[in-house]
Amino acid sequence: MTTTTTPTTTVSPPPVSPRERFKVPGAFLLGAILLVGVAPLVLSDFRLNLLAKYLCYAIVAVGVSLAWGRGGLLVLGQGVFFGLGGYAMAMHLKLADAAATGQTLPDFMQLYGTGDALPWWWQPFANPLFALAMTVLLPMAVAALLGFLVFRRRVKGAYFAILSQALAAALSIWLIGQQATTGGTNGLTDMQGFFGYDLSDPVNQRMVYFVIAAVLLLLMAAARQLFVSRYGELLVAVRDSEERVRFLGYNPANVKLVAYVVAAGMAGLAGALFVPAVGIISPALIGIVPSIGFVIGAAVGGRASLVGAVLGAIAVAWAQSTLSDAFPAAWTYLQGLLFVLAVGFLPGGLASLGVVLRRRRPRIRTTPTGETA
């Protein structure tokens, strides 16, 4: 008895056009040229410092795009991680400024009369390596603890967003109550140096801008690799059908936890870079309203698109700086309206506007005789 076997054919993926192959590297190169080459030439020192501040918000938006755009996690508490990284950096800079003048206590502690001894939890931040590590590791550790407790219990959706906001409110209230050791409502201000460089020098301020721009570009490249990796595909699968992913043998809690922790680390790094760029970190910058602002920027630009989330964060931050001065009472309502419009009517943000318009464009059909119908 003879058996016949049918030859198996392997289906190869369709070839990638040269345009698609160089699209992402080309966009990355264009962004690098605009940020590093063009912006310092055309912008004044004041405008460049503002752009450095906006780029810090854009770094947070990269993490939001990963956690929310890809993972479906509505992270409304990124201000917590932004603040942890910012305070870790500010504590080191305040201690370095005090040591430069021969003091053991930062200036605000001397003003409030906390005594002659530096609080024990301040002391490790005198080490620059420890402080740099804590700007990223501390937010990631807090996110890992919270995410482990939340995702293991399968808390998601609006409940997860409410817990994130509650954490932001709790941290802000705690910082305000610890005036003698955290500066209270004023926060930590008036940083003079940045690892030996005088921040009052415009040349050093430009150096800070270049560092922030380089970090943003590197994190965008790293996030892009995560997007196209196997983990990125698994994260999207968890967002779309969590139960089906669990049936396939994966633990959705671990998948979401990784995205949440990575986004927290990016927010902490953004807060650390925000301190030398702006010279202040305070509870007003890390509460509920700033946390919502981070999400609004990514939503307006397009949370599923890295470039869209970054540009949206920069645009919303610029609008806040300009419109809040002209309309201080109405800006908060306008910010909320932007979020509602983006989520309700354009879920993909401005980055998806071209796709939406192409879908609504009337199609031209042709008959078998070649005539248009």
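**View 1. Val 42 in helix 2 of the predicted model.** Val 42 belongs to helix 2 (residues 23-42), where helices are DSSP runs of H or I with at least four residues, numbered from the N terminus. This is a predicted model, in which local features need pLDDT of at least 70 and side-chain atom pairs count only at pLDDT 80 or more, while totals for chains, interfaces and linings use all residues. Residues are numbered from 1 along each chain as its sequence is written, and side-chain values use heavy atoms, with hydrogens and water left out. Val 42 counts as exposed because its relative accessibility is 61% (exposed means over 50% relative accessible area, buried under 20% and partly exposed in between, with a 1.4 Å probe and protein chains only).

View 2. Ser 291 is placed in helix 13 (residues 288-301) and is buried, its relative accessible area being 0%. A polar atom of the Ser 291 side chain lies 3.0 Å from the backbone nitrogen of Gly 79. When residues up to four places away in sequence are not counted, Ser 291 touches Leu 76, Gly 77, Gln 78, Gly 79, Val 80, Ala 168 and Ile 286, a contact being heavy atoms within 4.5 Å.

**View 3. Confidence along the protein.** The mean pLDDT (the predictor's confidence in each residue, from 0 to 100) is 85 for the protein, and 87% of its residues reach 70 or more. Among the elements of the protein, the lowest mean pLDDT, 58, belongs to helix 1 (residues 18-21), and the highest, 95, to helix 12 (residues 252-278).

Definitions and conventions
Helices (H or I, at least four residues) and strands (E, at least two) are DSSP runs, numbered from the N terminus. A polar contact is a pair of N or O atoms within 3.5 Å; within protein, one must be able to donate a hydrogen and the other to accept it, and residues adjacent in sequence count only if both atoms are side-chain atoms.
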